[in-house]
Amino acid sequence: MKSFLRYIVFPTLFLSLYSCKKDNYSPPGTFLTGAIMYKGDSINVERNQVPYQLYQYGFGKVGQIGSNTTFEQNGSYSQVLYNGDYKLIIPNGQGPFIWKQDASGNPDSLAITLNGNQTVNLDVTPYYMIRNAQISASGGIVTATFKAEKIITDSVMAKDIERVSLYVNKTQFVSGGDNIAVQDMAGSDITDPNNITLSVTVPSITPSQNYIFARVGIKIANVEDMIFSPLQKIPL
Amino acid sequence: MKKIVSIITICLLLFVGWGCKKDNSFLDVQPNTFLTNQQVFSDPNLVLSVLADLYNRQVDFSSLNGGWRTFADFSESFPSENGSSYIVQRTGWGYGEWGLNWFDSYNYIRDLNLFLQRDSASTGLSDQLRKRFYAEGRFLRANFYFEMTKRYGGVPLITKPLTYDYSGKVNDLQVPRATESEMYDFIINEAEAIKNDLPADVSEKSRATKGAALAMEARAALYAGSIAKYGATAPAVSLPGKQVGIDPSKANGYYTIALRAAHEIINGDAGGYKLYTAPTGATPAQLADNFANLFLDKTSPETIFAKDFAKGVTHGFTTNDQPFSFSDEGGDAGRLNPSLNLAEQFEKLDNTYAPFATTDASGNPVFYNNAQDIFADRDARLAGTIILPGGSFKGQTVDIWAGYRLANGTIVTSDEAGHLKPIVPGGPDVQVVGADGPVNGLELRTQTGFYIRKYLDPTVGSGRRGQGSTVAFIRYRYAEVLLNAAEAAFELGDNTTAAMYINQVRARAGLTTPLAPSDITFNRIVHERRVELAFEGLYFYDMKRWRLAHIVWDGTPTTVSDLKTNIGKATQHSTQPWGLWPYKEYDPGNPDNGTWVYKEVLPSLVTGANRFLLGNYYTQIGDDVLAANPKIVKQPNQ
């Protein structure tokens, strides 16, 4: 028993402690954060749907770093990385906005040199912005009014509104995929883009709660991702 | 002395001379561990065995030996296996989904190119045989490029075996992607070039024939035409270099080719193909049996090209998907459950669409005397494709019902199939749920109320793991050729021809009231293909080429009213597989006692809603491939 302790347990303990120290690299610790912005206003999107890609050259590595890197609902992003040189792109056809492109139509990359925590906001040009979104509830009916401001107006690039939607959910994730109630209005039914009103009845929630979360969104024709208003928590 | 010298000299000379000769031929022996190209390509049987390997390496989207899961997605069915619930719990697909192994694929293409090179160089084969083998190789290559094009759009089109010269430069080996229309042109031209070297033999099912080449041509041209025409619905799904997307002006040209190729088969130029109609009768049950048998009868004149199976080379589709209660292999059954979304698509016999009547106009349940009454007067393909509650397989009736419904609407059921318990407190113990389900979360039994019937093998022992099933997977069949012709004619503005072809397919299914030319619409075309070709690996590509996928699978959950409205519309959205659960009415003393009541149920394991992104239209080409060949451009929207 004593020799078991001496010959097996101590060497094992020693070895495991020793290897812990020796084998592991220090984890990445530099934060790269930011948000997609248009002239200082953040752009709200659907969670897990609008991707961005980070690249780092060298190390014999090809392709983007990580996978499934997407923006949060409020348009922000955050990565923990090592210090170094990176390039960031938003792939073509993603997001309710236009990201800069090079002459051959590929997404232009944004060079980022990380040396300590850094905030990099990504300037994009959205097709539309939602302004003055006001959402309120009374008598179990949620009503939203907002203005749809057309940002890209030149005849080649501009796109029409396919529909506008008011989404209500019991959690803070509110979008076409996450909702308990939705009210759509086709783009052709909008009479005054400066004053769009939508309302929807909140269904019964189990277990009951006395508040809901709501956002309005614009679906732009031939653009996959919707643009949303900031999330609002509405007491019922 | 003299004598000794001469004897020794002669002996030595003999020896040396003998040895020299012998050594030479001793080293010059035929290897007996491999065959040279010259040997192989002189013997028709050896060429055929090389070809057999090449046939075997073809790929299918859904395949019987590729696992039941290849049939399971897109809300057309529910996967009743707990390890596969992810199919209905995810909210979409990765960009890499449905891809092929790029390196295996190009290895295969290289082997095909080598085969063609060696076959054309062979001198030991008769002219006719050499031509036939050559044409078969080209058919396989074209068909495989078709499989790649459906997934990736344009890919590097390599038609010669590439060789590396060890110079350190690989520029010549890096081939850029062809345009999508070049891919389809290649497939069409190959089919035209080889069709007359292939036999026009209706009894040849598992080797390439003239019919197979023409069927491939018709399908490819139809796909190309619809991508050209409907690409405008989703303009973002294209690349500036046209590796993805086809110019709209080419649509009519492709539709014309599709119609011509289909006509050649219909006219009998490729042999006497026709719809499978065994002379059994025209009752709904007989028509349904006939439809199911077309997939089982290997001599069917409808089958044009199939992946065949035989004793020793079997698959487990029947093992995986047979009804639970009379499974040949206890505990191995019932995985693929067709959904209500699909079942409701089958029309009434008067050519109208209607959901199954579960409630009357005021919302009260409808009572049926027999379990199958709710499915009466429908397209025979419903019962031919799906085992319905009260339906039978291998001569036994499936036991599908979800519980008792009391007069006040409460449900008595159990979470264990076939469980005995009292219906009312103090009553006798009786079975309260069917032995075949449905029970939420109880795997290997139906959870939608339906089992798959298509491809299910009634042969004794076909459901055993050790024995397996030898049912063939049909890649091209005559009914699809008719539907291809109908679609091409419709797109070219010839509704009369379209109606004529579509009516032939429908009449076989018991829909004997013909559609008038004015009834043929895009929705009709889409609908007919969905019900006729369900679970044949074609629905997904149809949704892609019509650019309907992002509309049908839009990520919003499917509600009961979504299910019941817009049936037969191409854009009806279908993101979650629903079920239709039968209940027995328990109301002693009332005439309704013992009748059947139905309810639409979303299986509780279904938590996701499918969302098809624009970036899903064309499968991602891996970063490793892009890095190895910088000339390859990325797919759009990824």
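How many residue pairs are in polar contact between domain 1 of chain A and domain 2 of chain A? In this predicted model, the count is 10 residue pairs, both partners being at pLDDT 80 or more. On the side of domain 1 of chain A that touches domain 2 of chain A, two or more residues each come from β2 (41–42) and β6 (97–98) of chain A. That side divides by class into 7 nonpolar, 7 polar and 3 charged residues.

Domain 1 of chain A spans 30–125, and domain 2 of chain A spans 127–235. Their C-alpha centres are 26 Å apart. The contact between them draws 17 residues from domain 1 of chain A and 24 residues from domain 2 of chain A. About 1,600 Å² is buried between the two domains. Carbon and sulfur atoms account for 53% of this area. Within domain 1 of chain A, the residues that lose the most area to domain 2 of chain A are A:Asn44, A:Gln73 and A:Pro96. Together these residues make up 35% of what that side buries.

Charged pairing was examined next. The rule finds 2 salt bridges across the interface of domain 1 of chain A and domain 2 of chain A. A:Arg131 forms a salt bridge with A:Asp41. The closest N and O atoms of this pair are 2.7 Å apart. A:Asp41 falls in β2 (41–42) of chain A, one of the elements that give two or more residues to the domain 1 side.

Chain B contributes 17 residues to the contact, and chain A contributes 16 residues. The area buried between chain B and chain A is about 1,100 Å². Of this area, 42% lies on carbon and sulfur atoms. Between these chains, 6 residue pairs are in polar contact, with both residues at pLDDT 80 or more. The side of chain B that touches chain A holds 8 nonpolar, 6 polar and 3 charged residues.

Which residues form a salt bridge with the closest N and O atoms 2.9 Å apart? The partners are B:Arg611 and A:Glu46. The count between chain B and chain A is 1 salt bridge.

Methods:
Residues numbered from 1 in each chain as written. Chains lettered and ligands numbered in written order. Predicted model: local features only at pLDDT ≥ 70, side-chain atom pairs only at ≥ 80, totals over all residues. Heavy atoms only, no water. Domains from an automatic or database assignment. Contact = heavy atoms within 4.5 Å. Buried area = accessible area lost by both parts, 1.4 Å probe. Salt bridge = Lys/Arg side-chain N within 4 Å of Asp/Glu carboxyl O. Polar contact = N/O pair within 3.5 Å; in protein donor to acceptor, adjacent residues only side chain to side chain. Helix = DSSP H or I, 4+ residues; strand = E, 2+ residues; numbered from the N terminus. Nonpolar A, V, L, I, M, F, W, Y, C, P; charged D, E, K, R; others polar.
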